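Reader: I am new to this structure. Please walk me through it.

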Amino acid sequence: MLHDPSRHQPLSERQWDEDRVREAIRRVVADTEAHFSAETFWPMHPRDVDGSDDAPAWPLYHGASGVIWALDYLQAMGAITLARDYAPFVETLRARTAQWLATFGGNASSYLMGELPNLMLDYGIRRRSETLDALAALIQSNFDHPARELMWGAPGTMLAALFLHELTDDARFADLFRTTASKLHSQLEWSDEFRCAYWTQDLYGHRSTYLDAVHGFVATALPLIHGRHLFDEAIWNEWAATIVNTIRATATHEEGRANWRPFLTSSPRGPLLMQFCHGAPGFVICLADIPGTDLDELLLAAGEAIWAAGPLVKGSNLCHGTAGNGYAFLKLYARTSDVRWLDRAHAFAMHAIEQTYAEERVVGRMRYSLWTGDPGLAVYLLDCINETPRFPTLDVFFARAAATAKARMPATSVPGRER
């Protein structure tokens, strides 16, 4: 089975309503700002609490860094006007993140959990050369990280290098991107059983062969695809062939639909997952910008599987919720210009709003997190309005640069596919 029905729920019949969507964005932002504290930033949501530790979280992934990123992005894109300037709190956020990482020997260079994204936030506010120097040093220090995945490892810092090169045109970040890619290429392994290349991740004390869109192969494919213009043609062609082969070799097919198991070398226990972090949604989001037609049939089959599964019971969030799955539809709309994918993205948006409101009624407040909470949903809702498939912090980081690029886009521009 390509998904577990118990993890999904029937789709709401509420029709697309842009006014309601805009009101939901404003409501998320207003609630988020109302619960901010200059001392503790935002309270943890019960779903984000790890065991009995309900202390405030700081990382880009599930903490205050990601909330500030989302609020800044939404304002830069013209969706809302903030009641408070959060720039003065970025320095405090950096210190809190460093203290948190020190409690367990965490990696400051981590893109989703470390100090690196806080420095990137800082540079987006204050363009200082010393901040760029510190960012370059953090990226370089992560070349040999054994995780080989997006959250903690070199693929994440490779993506950071790409964002920084695009913003600054500083050649050293292009060099850091290429050096990281070369190192990762040297670490590829070959499976005679599955006839494809893969990476082994040393993560949280375990060795794994993840394929997924946070810890696995396809997460590493994303920065390679986005930064392909920095490679010589022959190098990119080799990467493209490797990516296509592994994605094809590891897909599970069923009645014209497709999904992927979490690991290359071990079979899943029970039905496959169908969410961004494990399953077809993450594969579509990470691969939809690859040029050519080699993966077209597979990506469309994955999209059909996501639609057939329906919204996720876990809520409206990006990483393992309805909004994250909805981004796959936005990606397919951009790739194909087929409006049915936009309609499906809109349907998931309306359902996700209802999920957020329902959980707010139970908890008494919203969920303050980019990847696992409501600010991430607000960004998805805005992208549904604008018909733009920019997954937060994977496709876009620097908000003001993104807003400038949007302003320069012709009004008649329609998302299309590169050939």
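The questions below go from the whole chain to single residues.

Reader: How far can I trust the coordinates, and what is the average pLDDT of the protein chain?
Author: This is a predicted model, not an experimental one. Of the residues, 97% score at least 70. The protein chain averages a pLDDT of 94.

Reader: How many helices and strands does the protein chain have?
Author: Both kinds of element occur in the protein chain. The secondary structure comes to 15 helices and six strands.

Reader: Why is the protein chain called as compact as a globular protein of its length?
Author: The globule rule gives 22 Å for 419 residues. The chain's own value is close to that, so the chain is as compact as a globular protein of that length. Its radius of gyration is 20 Å.

Reader: What share of the residues is buried?
Author: A residue counts as buried under 20% relative accessible area. The protein chain has 419 residues. The buried share is 60%.

Reader: What share of the contacts with a separation of 6 or more joins residues 24 or more positions apart?
Author: The count here takes in contacts of the protein chain with a separation of 6 or more. Residues 24 or more positions apart account for 70%.

Reader: How do strands β5 and β6 run, and which residue stands opposite T252?
Author: β5 covers residues 251–254 and β6 covers residues 257–260. Four bridges join them, and they run antiparallel.

Reader: Which residue in the hairpin of β5 and β6 takes a positive phi?
Author: Most residues other than glycine have a negative phi. This hairpin has two residues between the strands. The positive phi, near 50 degrees, belongs to E255.

Reader: Is F41 buried or exposed?
Author: F41 lies in the loop between α1 (18–34) and α2 (64–76). F41 is not a glycine, yet has a positive phi of about 60 degrees. With 0% relative accessibility, F41 counts as buried.

Reader: What is the relative accessible area of E387?
Author: E387 sits in the loop between α14 (374–386) and α15 (399–408). E387 also has a positive phi of about 60 degrees without being a glycine. E387 is partly exposed, and its relative accessible area is 30%.

Key: Residues numbered from 1 in each chain as written. Predicted model: local features only at pLDDT ≥ 70, side-chain atom pairs only at ≥ 80, totals over all residues. Heavy atoms only, no water. Pairing = 2+ DSSP bridges. pLDDT = per-residue confidence, 0-100. Rg over C-alpha atoms; globule rule 2.2 N^0.38 Å. Buried < 20%, exposed > 50% of the residue type's maximum accessible area, 1.4 Å probe, protein only. Contact = heavy atoms within 4.5 Å.
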